Amino acid sequence: MLAIEESRKLSLANLPSLTLFTGADQGQYDIMKTQVLKQIGYDPADLNFAYFDMKEVDYNSLELELVSLPFFADEKIVILDHFIDITTAKKRYLTDDELKAFEDYLENPVPSSKLVIFAEGKLDSKRRLVKLLKRDATVFEALEPKEQELRAYFQKWTQEQGLTFGGNSFEQLLIKSSFQFSEIQKNLLFLLSYKDSGLITEEDIVEAIPKTLQDNIFDLTQLILTKKIDQARDLVKDLTLQGEDEIKLIAIMLGQFRLYTQVKILQESGQTESQMVSSLGHYLGRNPNPYQIKFALRDTRGLSLNFLQDSIRYLIQADYQIKTGVYEKGYLFEKALLQIASQSN
């Protein structure tokens, strides 16, 4: 179960004496943090809560708060936010003496103070302080979810919101969101604002969710393959005016053409779609989504392996020449696109 689901069970009534929220999956972590603060009823004006931003904390004030007794209730909640000193982040805000003092407190905490710690990022397991927290705290760690966990969580979430997905629309959502927790959540909110309940179609995905850079690069590739040079130039101009760099555009196009090439090679070797997923999973270290393979097979129909390999070579050459200052990058990128277009059928 994802940490964000486990943490839903928390409330002010059952909050442990020491709770740690952490994790490298920033999207899941941010939502979990907001969710938990709401569940425990955090209110900055409530004197039963004491909030400290560890990026700006005066440790003496924090220490005094930890050991002092509550005034208006039997217990008080002390919240430590952005405690990145216990993560692998290079930035540090507390001195070694202050961290040692906090370790000493954890060894002998005040029973009337419940401590809630938010530490975005990956815990530094080598630190004694982290070992103490893992020993004594209830830990909710937002790890990067597996694909099946993502599916299960968001299918349940969308059902709770009254949404259902028709055809391949859910797959389209996942692919468009690059299987990233925060992107899926953001795009679902777009869908809810577009259609607050009912059936979501593939057309809804296209209409409601803003185009990503990958979407625009896919469009650019299709324009080049169909020799619509003027439209391709206009799209490149729009992207660069939005602040996108040609080197970044080349990198994404290279990734696209590499996938096309890999799929083409496997197809010519006689592999089926499911076999391609397994083969690419072994090569990449992770299984690609089957729909990505299906779309790649569709998009490479009529393209030869030699053409795909030449396209990769043109892009790599443009990337090298830009980075070595051979000529202006806008010219070199357009040259590579024209070379690809001239070779397409």
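1. Helix 5 (residues 128-136) has L129, V130, L132 and L133 as its buried residues. Buried means under 20% relative accessible area, exposed over 50%, and partly exposed in between, with a 1.4 Å probe and protein chains only.

2. Conventions. This is a predicted model, in which local features need pLDDT of at least 70, side-chain atom pairs count only at pLDDT 80 or more, and totals for chains, interfaces and linings use all residues. Residues are numbered from 1 along each chain as its sequence is written, and side-chain values use heavy atoms, with hydrogens and water left out. Helices (H or I, at least four residues) and strands (E, at least two) are DSSP runs, numbered from the N terminus.

3. Strand 3 (residues 76-81) is mostly covered, with 6 of its 6 residues buried. K76, V78 and L80 point one way; I77, I79 and D81 point the other way. In a regular strand the side chains alternate between the two faces of the sheet.

4. Strand 2 (residues 49-53) pairs with strand 3 in the parallel sense over 5 bridges. Pairing requires at least two DSSP bridges between the strands. F52 has L80 of strand 3 as its bridge partner. Between strand 2 and strand 3 the chain passes through helix 3 (residues 59-67), in a right-handed β-α-β crossover. Right-handed means that, with the strands pointing away from the viewer, the path from the first strand over the helix to the second runs clockwise. Strand 3 and strand 4 also run parallel, joined by 5 bridges. Here K76 has S113 of strand 4 as its bridge partner. The chain gets from strand 3 to strand 4 through helix 4, and this β-α-β crossover is right-handed.

5. Check K76. This residue lies in strand 3. Its relative accessible area is 4%, so K76 is buried. Not counting residues up to four places away in sequence, K76 touches N48, E65, S68, L69, P70, S112, S113 and K114. A contact is a pair of heavy atoms within 4.5 Å.

6. Domains. The assignment gives domain 1 (3-141), domain 2 (148-208) and domain 3 (213-342). Such bounds come from an automatic or database domain assignment. The C-alpha centres of domain 2 and domain 3 are 27 Å apart. In contact are 7 residues of domain 2 and 5 residues of domain 3. Together the two domains bury about 560 Å², 56% of it on carbon and sulfur atoms. That area is the accessible area (1.4 Å probe) lost on putting two parts together, summed over both.

7. Helix 7 (residues 169-176) is largely enclosed by the rest of the structure, because 7 of its 8 residues are buried. Among them are F170, E171 and K176.

8. P210 lies in the loop between helix 9 (202-208) and helix 10 (213-225). At 40% relative accessibility, P210 is partly exposed. Leaving aside neighbours within four places in sequence, P210 contacts K176, F190 and D215. P210 and F190 are 20 residues apart along the chain, with their C-alpha atoms separated by 8.5 Å.
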